[in-house]
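I opened my notebook to look up a few things in this structure.

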Amino acid sequence: MNRIRAPAVFSQRKRQKGMHSPNLSCSYEIKFSKFVIFIMQRKMGMTRRMFLMELARRKGFRVESELSDSVTHIVAENNSYPEVLDWLKRQAVGDSSRFELLDISWLTACMEAGRPVESEMKYRLMEQDQSPPLNTPKSEVPSFIASKVSQYSCQRKTTLDNYNKKFTDAFEIMAENYEFRENEIFCLEFLRAASVLKFLPFPVTRMKDIQGLPCMGDQVRDLIEEIIEEGESSRVKEVLNDERYKSFKQFTSVFGVGVKTSEKWYRMGLRTVEEIKACKTLKLSKMQKAGFLYYEDLVSCVSKADADAVSLIVKNTVCKFLPDALVTITGGFRR
């Protein structure tokens, strides 16, 4: 099979500042030479584009860093058909009809299948596929415009009021399962979708409510539709009942244990934390020993009363030095 050498892509600005780019060039086996893919950076950002390019190349796809005559498929994220055409015109492309213009969901579907999938209508960017404005009465959702929702969570103002918990809980379970299986792209897809739905100032009750929103890929839409129609997701139930998921969930709850160690223990036939504790032949790191020693304490939630007591101690101490200081309890963190 053919091999392609993947050139590194770095911004000119970084070069001008004298930064030295690491050599990311490496060889990948091309399994699908008839498909030559170009991923648009517009609205995506360089880091995410390079991540997707690298991932697609690992899967055997030929991905070009620059738009060239050999490209057959152009993939875009959060870009409408007219926006892609306008971008192509600015690249001095005369005939854009020679390209398949596709949404990023086509590429993720290809990587999930491990081969190119048919470029069906749902993946194609077409004139009539421009996202219509959210069809929600103004009395229910005042001045909410889906097309203006940023794809970046740092640019969205998200409160603690989650109106879509049944969806976001399902997304986080799917993301965790993909994380356990070391599938970064689908893990990220569900985490991004959960973040967007947490931002919404209203509950999603129909598919029209998510039209025009970023990060709503095919898998995400399918899950939302099933939950709307059935009240739950069969895929999520399947994950929750999966022996591997349940074991990894337990293993990674131990401080110092990650996916690699969990995989090792699972292949050894171990399934629960109790079995790990009972296995005398296992060699544990210092962190893992501490994780098992204080396991119950670490997995237990801090009560509101305990948090308030700690807050009062801190507040009294701080106010001795800064009487006008404001002390606020904030959330925890995920390892």
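I began with Trp265: at 3% relative accessibility it counts as buried, where buried means under 20% relative accessible area, exposed over 50% and partly exposed in between, with a 1.4 Å probe and protein chains only.

A note to myself on the source: this is a predicted model, where local features need pLDDT of at least 70, side-chain atom pairs count only at pLDDT 80 or more, and totals for chains, interfaces and linings use all residues. Residues are numbered from 1 along each chain as its sequence is written, and side-chain values use heavy atoms, with hydrogens and water left out.

Next I looked for aromatic pairs, and a search of the whole structure gave 10. Rings of Phe, Tyr and Trp (its six-membered ring) pair if their centres lie within 6.5 Å; planes under 30 degrees apart count as stacked, over 60 as edge-to-face and the rest as tilted.

I checked Phe251 with Trp265: the centres are 5.6 Å apart and the planes at 85°, so this pair is edge-to-face. Phe251 sits in helix α9 and Trp265 in helix α10, 14 residues apart; helices are DSSP runs (H or I, at least four residues), numbered from the N terminus. Both Phe251 and Trp265 are buried.

Trp265 also pairs with Phe292: with centres 6.2 Å apart and planes at 40°, the pair is tilted. Phe292 belongs to helix α12, 27 residues from Trp265. I found Phe292 buried too, at a relative accessible area of 13%.

Lastly, I noted one aromatic cluster formed by Phe171, Tyr178, Phe186 and Phe190.

Terms used
Helices (H or I, at least four residues) and strands (E, at least two) are DSSP runs, numbered from the N terminus.
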